[in-house]
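Subject: Structure handover

Hello,

Here is the structure for you to look through. Please open it first, then read my notes below.

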Amino acid sequence: ENYNAVVAACHGLVDQCRFEVPKRSVTVSTVGLVQRMHQLLDDAPFVKMAISLHAPTQELREQIVPSGKAHRLDNIMEAIDEFARRYEGEKKKSSIMVSYVLIAGVNDSNECAETLAELLKDRPVIVNLIPYNEFDNPMEPGFRAPEEAEVVRFQNVISQQGLKVFHRRHHG
């Protein structure tokens, strides 16, 4: 558990006597530690939030995210909603980045895209699509990156539902 160190680092980054990073530039990424997400709203209210989601349903999330069983999707959505309510009116602050690693044949179908769009609809999120980065790992046998056309198709399905979505491309 590194929560206290994360909060201390956030405060250190924005401290005028240290790094003086603009508060709007600090983002904390989480796999969905809901209790800590709520706590962060009080302990470091200036940070932006990024959630590593990677699946549009609880069942699929439990299969591909090791902590998926402990951190339920419905609770994560409630935390996103609380974050949005807390910062309503602060356009830059109220957007939450949702990271979604696309794994070919696992979470990149039209059905997954449509379900994800429905899940995130009416929430102030920006979806960051990240093609899976293939590497030799016996814990993830058979996982592979989707083709570029599949990423674009997934992106289009989501954006057609009115969500902001970006495709992170590999640069080497």
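The buried residues of helix α7 are covered by elements that include β3, α6 (110-120), β4 and β5. Those buried residues are V151, F154, Q155, V157 and I158. Seen down the axis of α7, they fall within an arc of 160°, so they line one face of the helix. The arc is taken from the directions from the helix axis to the C-beta atoms. Buried means under 20% relative accessible area, exposed means over 50%, and partly exposed is in between (1.4 Å probe, protein chains only).

Two notes on the source. This is a predicted model: local features need pLDDT of at least 70, side-chain atom pairs count only at pLDDT 80 or more, and totals for chains, interfaces and linings use all residues. Residues are numbered from 1 along each chain as its sequence is written, and side-chain values use heavy atoms, with hydrogens and water left out.

Helices (H or I, at least four residues) and strands (E, at least two) are DSSP runs, numbered from the N terminus. Helix α7 covers residues 148-159 and lies across β3, β4 and β5. Its direction is about 170° to β5. Axes are lines fitted to C-alpha atoms, for helices over the stretch in contact (heavy atoms within 4.5 Å). Angles run from 0 to 180 degrees between N-to-C directions.

Now the sheet. It is open, has five strands in the order β1-β2-β3-β4-β5, and its pairing is parallel. β1 and β5 (164-167) stand at the edges with a single partner strand each, so one side of each has no neighbour in the sheet. Neighbouring strands are turned by 25° against each other on average, direction ignored. Two strands pair if DSSP finds at least two bridges between them. β3 (residues 96-102) and β4 (residues 125-131) pair over seven bridges. In β4, V125 is the bridge partner of I96.

Where is H71? H71 is in the loop between α3 and α4 (73-86). H71 is buried, with a relative accessible area of 17%. A polar atom of its side chain lies 3.4 Å from the backbone oxygen of G32. Leaving aside neighbours within four places in sequence, H71 is in contact with G32, L33, V34, Q58, R61 and I76.

Last, two loop residues. H54 lies between β2 (48-52) and α3 (58-64). Its phi is positive, near 70°, and H54 is not a glycine. E20 lies between α1 (3-14) and β1 (27-30). E20 has a positive phi of about 55°, although it is not a glycine.

Best wishes

Methods:
A polar contact is a pair of N or O atoms within 3.5 Å; within protein, one must be able to donate a hydrogen and the other to accept it, and residues adjacent in sequence count only if both atoms are side-chain atoms.
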